[in-house]
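User: I am new to reading protein models. Can you take me through this one step by step?

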Amino acid sequence: MSNPKKARVFSQLVPNDPQPTLVVGRTLEVLASNHAADSLVQRAELDHPEHLLPVNAAALVKSALEQGRAIENVESRFADHIFLWSFIPDPDSGEVLVRGRDATNDILTLEEAVRSNRLYRLITENTTDLISRHAPDGRFIDATPASWRLLGYWPEELRGKALEEVFQGENVAEQLALTRHRLREDGYATMTLEIIHRNGSRRWFEIASRAIRETYTGAVVEVISVSRDITARVESEEQNRLLADELAHTARLATLGELASSIAHEMNQPLASIVNFASASQRFLKEADQHPEKLLKVDDGLQKIVHHANRASEVIKRLRAFLRKGQKRMGPVSLNSVITEVARLCQWEAEKNGVRIYENLAADSPTITADPVLLEQVLINLIRNGIEANVEAGADKDSAGPSRIVVSTCVNDQQETLIQVIDEGPGLDDEGIRQMFQPFYTSKAKGLGLGLSMSRSIIEGFGGFLDATRTDTGGLSLICRFPPGNNRCTHKPTQE
């Protein structure tokens with residue numbers, strides 16, 4: 001003992017008690033201390049044993065003696081230690097046994113847990129996303145307060161409810177079943193749901209879920225989900241899509257105006273043929289009484305009238321399809337057929353400007369998934385761009401004959417499906433090629449600079465890419481690349 005004076009209470013202590021113990025008097029004077037207390041004073045580099053005790057130790061000693069009861073678990077901190085002390089009075093002697101316990105780890109762990117819990121509550125109570133816990137069958141275990149704003153239910157209302165009861169909407173049950181399967185297989189799943197809020201409004205949610213598994217069996221015991229309201233984003237994307245459709249429709253109207261003379265020519269040919277055959281048939285009918293064989297010519301004329309009327313009808317149908325306004329109609333498109341139709345539409349404008357359009361098409365016509373009308377719009381833009389480039393080049397040099405535009409299809413070694421439009425124009429330098437697909441960039445005096453920019457956006461919407469390179473002869477090659485397919489790159493003979 002550090003104090004030779006033996007206190008009556010202290011003599012009853014176990015000498016080797018590992019916990020620091022002191023005997024103090026009414027005025028907090030230390031009457032005795034055990035070895036554990038003395039060692040602690042030395043380790044903590046304290047001047048006196050009473051410095052181990054709480055700052056209000058004197059008042060605690062007085063209260064314990066006056067009330068004749070023990071006071072437990074009073075905290076004191078010194079150096080890096082946290083101790084809990086018990087004050088046990090002996091009213092007969094006026095002494096108090098003060099016994100400590102090192103609670104440093106316990107209290108620090110508890111304080112960290114309190115801080116974590118406070119942070120968790122701060123996050124969960126203020127986050128705009130819904131964080132929820134679910135049983136393996138989807139029933140809600142708990143949810144954050146965001147559930148009221150996002151779903152129209154308070155957390156206590158959700159507990160025990162099935163997901164299908166809360167997330168109502170088209171195809172919700174199928175998506176939830178698929179998500180449960182993915183959670184069992186992969187442990188993680190995401191989905192996008194259109195649901196009906198409790199107030200009747202429609203909402204879009206993006207939900208990410210993770211499975212919590214039992215350590216030994218691996219069975220899913222709980223699911224944690226984070227749900228985000230993406231309604232504003234979906235509505236904005238829908239508005240942008242409608243705006244893009246409106247812009248594309250306006251561009252088609254502008255293209256139609258620019259192609260008006262070509263369309264008039266294509267319509268005039270079958271109409272003129274119809275008039276000619278109708279006049280001839282009338283003349284043959286008048287002669288049929290004297291020359292019955294003329295009826296065969298009338299029959300032949302009527303067949304040709306039907307043929308040319310159908311041709312005119314097809315032109316009108318193509319124009320109506322080209323000008324239609326509405327949602328994209330994605331589906332399989334035969335590239336060779338589309339290119340042939342577009343070449344016919346642009347043929348008269350090309351001939352008027354001394355340009356000939358050649359088709360170099362793969363023997364096994366490649367097929368891609370696209371909107372045929374939008375793809376036609378892109379090809380018309382590319383071919384007309386080539387016609388204008390050839391006209392520009394023809395003004396600077398003498399030409400022995402018509403200039404050429406070659407439109408080809410193939411599948412390359414990387415299994416990419418390609419559409420290539422090659423002109424014989426003056427071409428562009430590196431800077432011009434970098435800028436040619438930017439909106440409102442144009443080298444033409446009357447151009448708006450939207451055709452190629454819009455064409456690239458349309459091709460990218462199909463999952464492809466539109467780019468340009470210089471040809472060996474100085475013109476430009478505009479190339480539409482689409483993701484790999486199974487087509488082989490073989491060509492049939494070049495045709496006009």
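This is a predicted model: local features need pLDDT of at least 70, side-chain atom pairs count only at pLDDT 80 or more; totals for chains, interfaces and linings use all residues.

Analyst: Start with a salt bridge: Arg 203 pairs with Asp 229, and their closest N and O atoms are 3.4 Å apart. Arg 203 lies in strand β9 and Asp 229 in strand β10, so the pair ties together parts that are 26 residues apart in sequence.

User: Is Arg 203 buried or exposed?

Analyst: Buried means under 20% relative accessible area. Arg 203 has a relative accessible area of 17%, so the label is buried.

User: Which parts does the salt bridge between Arg 198 and Glu 157 tie together, and how many residues apart are they in sequence?

Analyst: The two side chains meet at 3.0 Å, N to O. Arg 198 lies in the loop between β8 and β9. Glu 157 lies in helix α5, so the pair ties together parts whose separation in sequence is 41 residues.

User: Which strands stand at the edges of the open sheet?

Analyst: Five strands form this sheet, in the order β12-β14-β15-β17-β16. An edge strand has a single partner, so one side is left without a neighbour in the sheet. The strands at the edges are β12 and β16.

User: In what sense do β14 and β15 pair, and over how many bridges?

Analyst: Strands of a sheet pair through backbone hydrogen bonds, either parallel or antiparallel. Ser 408 stands opposite Gln 420 in β15. Strands β14 and β15 pair in the antiparallel sense, over six bridges.

User: Which helix lies across β12, β14, β15, β16 and β17?

Analyst: Look at residues 372-394. They run at about 145° to β14 and form helix α12.

Technical notes:
Residues are numbered from 1 along each chain as its sequence is written. Side-chain values use heavy atoms; hydrogens and water are left out. Two strands pair if DSSP finds at least two bridges between them. Helices (H or I, at least four residues) and strands (E, at least two) are DSSP runs, numbered from the N terminus. Contact means heavy atoms within 4.5 Å. Axes are lines fitted to C-alpha atoms, for helices over the stretch in contact, and angles run from 0 to 180 degrees between N-to-C directions. A salt bridge is a side-chain nitrogen of Lys or Arg within 4 Å of a carboxyl oxygen of Asp or Glu. Buried means under 20% relative accessible area, exposed over 50%, partly exposed in between (1.4 Å probe, protein chains only).
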